[in-house]
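The sequence and the structure are shown first.

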Amino acid sequence: MKKILKIAGIVLAIVAILFFTLAPGIIDRSKNKVSIKGPFTKNSWYDSIPFIADLHCDALLWDRNLLKESDHGHVDIPRMQQANMALQVFTVVSKVPAGINIEQNDASSDQIGLLSFAQLRSPSWWFGVKERALGQCQNLHDFAAASKGVFRVITTQTQLQQYYQDRAANRQLTAGMLGLEGAHCLENDLNNLDLFYKAGVRYIGLTHFFDNEWAGSAHGMQKGGLTAKGRQLLRKMDSLHMIVDLAHASPQTISDVLTEHNGPVLVSHTGVRGVCDNQRNLSDAQIDAIGRRNGLIGIGLWETAVCGKDATATAKSIRYVADRIGVDKVALGSDWDGAFEMHFAVTGTPLIVTALLQQGFSRPEIEQIMGGNIRAFMLRNLPK
Ligand SMILES: [Zn+2]
């Protein structure tokens, strides 16, 4: 009997070791694939583009060391350097219901707790959405601290200006910003906004895949608009110079924000219905309203966003937005590492430049789209 128990114990230990060492990597590899692996050819002036930036990636979710080049997933700092990438916004995913889809989800289940457990993250992450969201923010700061000056986290206009000057002299420098994907991680307490502001978060998507106490989601059960608490949240965000991200918001939430809120708005990762018609994407009226507010629209790199599997599909949606509201209001919003198969990882960014040339954009316009617009928007809207 003792012997059987001993063997069972050893087998259990081996299974546990295999699970905790292999499962997170297997999930990451299976979720964050690419259609094209590269190598990618840069055009003659690609490496001279002064500021390439992207509004949305979920790399912090996957427990990779972002200071090391990974053979899977989409974004890390060495690959940003190879791609002449100046700035990546890292967005924090903290709760994802089981069986997510773009039509309708309720908030009763959560896959991120289990993922955090498999990744052997701190137990405070397993059940607490606020804790795991703040933990991801801290991880980005830790990468910056360990990067020997190669990577920094931007939270103010002054820092962004300084970074732009520093990078003109050293193209190996990279930077990140922090955003939230869903305000549910405030755990229904407006005071928690201060914690996220201190953690460096500078834009907030009010909802992710489900309705929450602040607003309705495009993929929620009710898909309502801003709640009374949501209106308080917006006022407080405005007082702190935090930006609203309308990605994943319900049509009613988008309309409420655009009519009632005077602060800056962006859509960090989306497509447009005029090119790719589904409820994840922006209507013409929404694009026009965001344009009137001098907002910024980030176009994604995955199939549901742009109805195609290559950079040409993304470039067509960029062309659509530029023609409607101006070339100064459109940007990249890849959703790299967002648990989708992407056209390509960050090293494939030269393909976007080629596709934008094919859409008839000039070099100055391409430099705006590839990151100049993000830089200008953040210089207008970040805290001083
Ligand atoms: Zn998203």
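This is a predicted model: local features need pLDDT of at least 70, side-chain atom pairs count only at pLDDT 80 or more; totals for chains, interfaces and linings use all residues.

## The second largest pocket

The lining of the second largest pocket is made up, by class, of four nonpolar, six polar and six charged residues. The pocket has a volume of about 260 Å³. It is lined by 16 residues, and those nearest its centre are Val-34, Lys-37, Asp-71, His-72 and Gly-73.

## The largest pocket

The largest pocket holds about 650 Å³ of space. Its lining consists of 30 residues, of which Lys-31, Val-96, Ile-100, Gln-111 and Ala-339 are the closest to its centre. Helix 1 (2-31) and helix 3 are the elements that give two or more residues to this lining. By class, the lining of the largest pocket divides into 17 nonpolar, seven polar and six charged residues.

## Cavities

How many cavities of 30 Å³ or more does a search of the whole structure find? The search finds two. The largest cavity has a volume of about 90 Å³. Among the 14 residues that line the largest cavity, Ala-249, Ile-254, Gln-279, Arg-280 and Asn-281 are the closest to its centre. The lining of this cavity comprises seven nonpolar, five polar and two charged residues.

The second largest cavity has a volume of about 30 Å³. Its lining is formed by Leu-61, Ile-112, Leu-115, Ser-116, Gln-119, Arg-121, Trp-125 and Gln-136. Helix 3 (residues 112-118) gives the most to this lining, with three residues. By class, four residues of the lining are nonpolar, three are polar and one is charged.

## The zinc site

Which residues coordinate the zinc ion? The donors are Glu-181, through OE, and His-248 and His-269, each through NE2, at 1.9 to 2.1 Å. Along the sequence, these donor residues follow the spacing E-x66-H-x20-H. Glu-181 and His-248 link distant parts of the chain, as they are 67 residues apart. Glu-181 belongs to strand 4 (residues 174-181), whereas His-248 lies in the loop between strand 6 (243-245) and helix 9 (251-260).

Are Glu-181 and His-248 buried or exposed? A residue counts as buried when its relative accessible area is under 20%. Glu-181 has a relative accessible area of 3% and is therefore buried. His-248 is at 6% relative accessibility, so this residue also counts as buried.

## Aromatic contacts

A search of the whole structure finds five aromatic pairs. One of them joins Phe-51 and Tyr-164, whose ring centres are 5.9 Å apart. The planes of these two rings are at 55°, so the pair is tilted. This pair also links distant parts of the chain: Phe-51 is in the loop between helix 1 and strand 1 (52-57), Tyr-164 is in helix 6 (residues 157-169), and the two are 113 residues apart.

The two partners can be compared by their accessibility. Phe-51 counts as buried because its relative accessibility is 3%, while Tyr-164 is partly exposed, with a relative accessible area of 26%. Phe-51 and Tyr-164 form one aromatic cluster together with Tyr-163.

## Charges over rings

Tyr-164 has a further contact, with a charged residue: Arg-375 lies over the face of Tyr-164, at 3.4 Å from the ring centre. Elsewhere, Arg-319 lies over the face of Phe-361, at 3.9 Å from the ring centre.

Notes
Residues are numbered from 1 along each chain as its sequence is written. Side-chain values use heavy atoms; hydrogens and water are left out. On a 1 Å grid over the protein atoms alone, a cavity is a set of points where a 1.4 Å probe fits but cannot get out, and a pocket is an open set with protein on both sides within 12 Å along at least five of seven lines; lining residues have an atom within 4 Å of a point. Grid points are joined across faces, edges and corners, and a volume is the space filled by probe spheres set on the points. Ala, Val, Leu, Ile, Met, Phe, Trp, Tyr, Cys and Pro count as nonpolar, Asp, Glu, Lys and Arg as charged, and the others, Gly among them, as polar. Helices (H or I, at least four residues) and strands (E, at least two) are DSSP runs, numbered from the N terminus. Donors are N, O and S atoms within 2.8 Å of the metal (3.2 Å for Na, K and Ca); water is not among the atoms, so sites may look incomplete. Buried means under 20% relative accessible area, exposed over 50%, partly exposed in between (1.4 Å probe, protein chains only). Rings of Phe, Tyr and Trp (its six-membered ring) pair if their centres lie within 6.5 Å; planes under 30 degrees apart count as stacked, over 60 as edge-to-face and the rest as tilted. A charge sits over a ring if NZ of Lys or CZ of Arg is within 6 Å of the ring centre and within 35 degrees of the ring normal.
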